[in-house]
Amino acid sequence: GIFADASTTNLSITNTTITGNGSINPLGNGIDLTPASGSITATVSHSTLSNNADDGFNTGGGTSVLTYITANGNLNDGIDARGNANLSCDHCSVSNNGTDGLGANGDGFSWHNSATGLITNSYSGNNKKTAICHVDSSSVDMYNNILYNDTIGTLALVYLQGINHIFENNT
């Protein structure tokens, strides 16, 4: 996978497939942007993050923009934002993530801590826990998404516990 820490300030990833990263956190993530200090600005587009031992994409800080990303079959979450990250996802597809939906695994899109973000024109389906999870003091706006689950998830299709959210025109 790709791991970037505080010494990386700008990152652009395009037309890349990352699959089968083996061990849990952080090396099991397809892409992991976890600055210990400082900030990372990243754009990731037209890429596939699949069958990784942790998340497809994980960020713990900085600003990331994902477009046309597929994150499927990851053992934890498809796309995950934590800490003070700002993450925007447009035309992304997350599906079949998680092992059993118990504990922390199985969200399609997941925001934690004080992370902020936006999900637009995206699809989340058949993840083991939720299509979208937004907890702690996170803030996420969601527009024009398709959310689907034909299996029994362990939580609601959309789990909104965070501070602020806008949920419009989703199916």
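Accessible areas come from the Shrake-Rupley method with a 1.4 Å probe. On that basis, the protein chain exposes about 7100 Å², and carbon and sulfur atoms supply 51% of that area. Keep in mind that this is a predicted model.

**Overall build**
- The protein chain has 18 strands and 0 helices.
- Its C-alpha trace spans about 40 × 30 × 30 Å along the principal axes.
- The radius of gyration is 14 Å, which agrees with the value near 16 Å that a compact globule of 171 residues would have.
- Among contacts with a separation of 6 or more, 58% join residues 24 or more positions apart.

**The inside**
- Of the 171 residues, 47% count as buried.
- In soluble globular proteins, nonpolar side chains tend to be buried together.
- Here the largest nonpolar core holds 29 residues, and Phe 57, Leu 66, Ile 79, Phe 109 and Trp 111 touch the most other members.
- Elements giving two or more residues to this core include β5 (41-50), β7 (63-72) and β11 (107-111).
- Beyond its neighbours within four places in sequence, Leu 66 is in contact with several residues, among them Val 44, Phe 57, Ile 79 and Cys 92.

**The cysteines**
- How many disulfides does a search of the whole structure find? The search finds 0.
- Cys 92 has its closest cysteine sulfur in Cys 89, but the distance is 4.7 Å, so it is too far for a bond.
- Cys 92 counts as buried because its relative accessibility is 2%.
- For Cys 133, the nearest cysteine sulfur is that of Cys 89, 14 Å away.
- Cys 133 also counts as buried, at 4% relative accessibility.

Methods
Residues are numbered from 1 along each chain as its sequence is written. This is a predicted model: local features need pLDDT of at least 70, side-chain atom pairs count only at pLDDT 80 or more; totals for chains, interfaces and linings use all residues. Side-chain values use heavy atoms; hydrogens and water are left out. Helices (H or I, at least four residues) and strands (E, at least two) are DSSP runs, numbered from the N terminus. The radius of gyration is taken over C-alpha atoms; the globule rule is 2.2 Å times the number of residues to the power 0.38. Buried means under 20% relative accessible area, exposed over 50%, partly exposed in between (1.4 Å probe, protein chains only). Contact means heavy atoms within 4.5 Å. A nonpolar core is a set of buried Ala, Val, Leu, Ile, Met, Phe, Trp, Tyr and Cys residues joined through side-chain atoms within 4.5 Å. A disulfide is a pair of cysteine sulfur atoms within 2.5 Å.
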